[in-house]
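Here are my notes on the model, point by point. Have the coordinates open while you read.

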Amino acid sequence: MKHRAFIALGSNLGDRVAMIETACRKMDATGVIRVLRTSGLWETKAMYVLDQDKFVNGVCEVQTSLIPTKLLDQLQAIENSMGRVKVIDKGPRNIDLDILLYDEKKYSDPRLQIPHALLLEREFVLRPLCELIPERSLPAHVSLPGGSFQFHLSNLPTSEAPMSPLTPLAASQPNLTAQPTRDTRIMSIINVTPDSFSDGGKNYNIDQTALTETIKSHVATGATILDLGGQSTRPGAVQVSEDEELSRVLPVIKLIRSLPDTRHVAISVDTYRAGVAVKAIKAGADIVNDVSAGLMDSDMLSTVARLGCTVCLMHMRGTPETMNKLASYPDGVVETVGRELLQRVQAAEAAGIRRWRIILDPGIGFAKNQEHNLELLRRLGDLRRYPGLQGLPWLVGTSRKAFVGTITGVKEAKDRTWGTAAAVTAAIHGGADIIRVHDVEEMGQVAKMADALWRV
């Protein structure tokens, strides 16, 4: 399949993200089209026909053996197989697949024009396209203006309703968006290990009734994501077997899914093992939270791609046993963490993970010393704008960590609430979308106040 093409993806009916993901799977299933990379997904108000729901738009880069007209035929066959009915031109549709670019060619016939005639006037096309090929220009000898796609994007008129990238977390709750007025999501930590640094095994091997009350309390006080950990990743933690990790987390997933109070909650499994990810997702989890971003298990990224779930990629070096020896950043911690996370994003995309399924975590406390942690919190906004990472959502976990205790002089992790509150405030000011916390009620109040200050 020697040809490269860029396909616009759009939907504004039904489960819009699911429609686009189905279309991508169907392209891969043809045997003559292979999706190489995807942009993020961006939500925008409809153009032209305004009386319709918001669109979700993206772009994918594909490899194909088909000539342009045959590629168009295949894309229309996919649309038809998904039940698309075109009621009015530019009106509502459950799936829309348009060829934007094909190699470096110009092509025109009554059915198809490449490059797409309206490419340069549509922010909902240009913005996702610039996530893939910002410096590329249109083919030579076309009637459209020259210049890179990034140049054309930067020269579009300012939109009254800014586009927002979105990330699906779970079918039971709204997508994560980057709207300026968004609420920070609260991810609560439920460690079911005997050796957690923060709670000393509080939830390990406890009575199901007591665990149920803990879960209900976290949800009642504002948690919308529950992060379950069956393997401690504190410095020097003993690594248990995969079977032991599964024996700890699977019963909790099943318990959460059995409770009426938690139907709207997303479940995240905190694991670096692909085998644990598979069984956890099948048991009802929604998100894989991998502290190693796929580095500790070479099967993790391809497994997540196959599962089709959302993944959090955290910056870490080495393993929990070795990471503290690797806290050296001669190029600067923000620059280096950005560069190394970009490498993990690229590895995830190469493995088949859709960009709209990726969340990033700077890895506070992992292969970082106190000054590194503070620098990342002070300059989280700079990290979010690192070239190639723009538009991706961020999770930040500072809760009860050692650097908070060192600065505040609080020895016991469970007593570091006030220091954690200041760190959480800094994370939200820097643009964090999700905060990962132990003290859900207290940090929920902190997040509400920080949101009121900076997300208005």
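1. First, a term for what follows: buried means under 20% relative accessible area, exposed over 50%, and partly exposed in between, with a 1.4 Å probe and protein chains only. By that cut-off A274 is buried, because its relative accessibility is 7%.

2. Some ground rules. This is a predicted model, where local features need pLDDT of at least 70 and side-chain atom pairs count only at pLDDT 80 or more, while totals for chains, interfaces and linings use all residues. Residues are numbered from 1 along each chain as its sequence is written, and side-chain values use heavy atoms, with hydrogens and water left out.

3. Now the whole chain. The protein chain has 14 helices and 17 strands; helices (H or I, at least four residues) and strands (E, at least two) are DSSP runs, numbered from the N terminus. The radius of gyration is 23 Å, close to the 23 Å that the globule rule gives for 456 residues, so the chain is as compact as a globular protein of that length. For the record, that radius is taken over C-alpha atoms, and the rule is 2.2 Å times the number of residues to the power 0.38. The C-alpha trace spans about 70 × 45 × 40 Å along its principal axes.

4. How much of the chain is buried? Of the 456 residues, 56% count as buried. As for contacts (heavy atoms within 4.5 Å), take those with a separation of 6 or more: residues 24 or more positions apart account for 71% of them.

5. Back to A274, which sits in helix α7 (residues 274-283). Leaving out residues up to four places away in sequence, A274 touches D297, D299, M300 and T303. Its C-alpha atom is separated by 8.4 Å from that of S298, 24 residues apart along the chain.

6. After α7 comes G284, with a positive phi near 130 degrees.

7. Strand β11 (residues 225-229) has 5 of its 5 residues buried. I225, D227 and G229 cover one side, L226 and L228 the other, and all are buried. What does β11 pair with? Strand β10 (residues 185-191) pairs with β11 in the parallel sense over 5 bridges, and so does strand β12 (residues 266-270), again parallel over 5 bridges; pairing here takes at least two DSSP bridges between two strands.

8. On to a helix pair: the axes of α5 (residues 208-220) and α6 (residues 242-258) come within 11 Å and cross at roughly 60 degrees. Axes are lines fitted to C-alpha atoms, for helices over the stretch in contact, with angles from 0 to 180 degrees between N-to-C directions. Q208, L211, T212 and I215 in α5 meet V252, L255 and I256 in α6. The residues of that contact divide into 5 nonpolar, 2 polar and no charged.

9. Last, D451, in helix α14 (residues 440-454). Is it buried or exposed? D451 counts as buried, because its relative accessibility is 8%. Beyond its neighbours within four places in sequence, D451 is in contact with R182, D183, T184, I428 and V456.

Key: Ala, Val, Leu, Ile, Met, Phe, Trp, Tyr, Cys and Pro count as nonpolar, Asp, Glu, Lys and Arg as charged, and the others, Gly among them, as polar.
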